[in-house]
Amino acid sequence: RTCHHPRQFSGARSARRAADQATPEPTERAPTHYHFNWHPFSTRAAMACINVTGVQVLDNPASFKNPLQFEISFECLAALSDEIEWKVTYVGSAKREKFYQELNSVLVGPINVGSYKIVVQADAPDPSKIPPEDLLGVTVVILSCHYREKEFVRIGYYVSNEYDDPELRDNPPKVLLLDRVVRNVLHDKPRVTKYDIPWDDIAPIERTAEPIDQPMKQSMDQPMDTLQMQAEPMC
């Protein structure tokens, strides 16, 4: 677990359990046993102190072995006395929760009122902890944020893992060729669940609900010792 103090910039499967009642619009490759009940990212939770305004997936599609990278933008509507905690979880198998991999847990803060942007880099999930029959195909990756151990936002995406060659896809070898597997985070249809939690004894700045101009784009996986975070000015 790593604690970061970002610079502030003003102006600017069951997966049902994994996604916590979460339903991205299904893609052609998505198995029907994924059940989500998520809301579009453009909705905002009333009176939340932290509002995630966008997440973009970097280096996507990429080799399965490549790090996952997310650029996360958020605003703080009231100064918080404690850190917020980002968690990245990869659903290794929708059938058994023991195959879920929490790839990183990162503390960021303390945070004052303003707008922030951070870049999170994470190693790929450990293939030895994923059932062989689930290494290829569609799964889910989840990014969640917590304050004082209370989860207040959960963002999820379908992830497609397949061979980079049509012949390998049509006639997969008996032994998995991990070097030939491409991971594609289906970033253009993120789904978000927001939760009301107790914050500090402060009143966040009231904001009217407004849509986000661009679709949220994101990915998320990483072990603790390979995290990279940077705060950058928001454009």
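In the predicted model, one aromatic cluster is formed by Phe74, Trp86 and Tyr116. The structure contains 4 aromatic pairs. One of them joins Phe74 and Tyr116, whose rings are stacked, with a centre-to-centre distance of 5.3 Å and an angle of 15 degrees between the planes. Because Phe74 belongs to strand 4 and Tyr116 to strand 7, this pair ties together parts that lie 42 residues apart in sequence. Phe74 and Tyr116 are both buried.

A further pair consists of Tyr147 and Trp199. The ring centres of Tyr147 and Trp199 are 5.4 Å apart and the planes stand at 25 degrees, so this pair is also stacked, given that planes under 30 degrees apart count as such. Distant parts of the chain are linked here: Tyr147 is in strand 8 (residues 137-147), while Trp199 is in the segment after strand 11 (191-194), 52 residues away. Tyr147 has a relative accessible area of 0% and is buried. Trp199, at 14% relative accessibility, also counts as buried, because the cut-off for this class is under 20%.

Strand 2 and strand 4 (residues 68-76) run antiparallel and are joined by 8 bridges. Phe74, in strand 4, is the bridge partner of Val52.

How values were computed
Residues are numbered from 1 along each chain as its sequence is written. This is a predicted model: local features need pLDDT of at least 70, side-chain atom pairs count only at pLDDT 80 or more; totals for chains, interfaces and linings use all residues. Side-chain values use heavy atoms; hydrogens and water are left out. Two strands pair if DSSP finds at least two bridges between them. Helices (H or I, at least four residues) and strands (E, at least two) are DSSP runs, numbered from the N terminus. Rings of Phe, Tyr and Trp (its six-membered ring) pair if their centres lie within 6.5 Å; planes under 30 degrees apart count as stacked, over 60 as edge-to-face and the rest as tilted. Buried means under 20% relative accessible area, exposed over 50%, partly exposed in between (1.4 Å probe, protein chains only).
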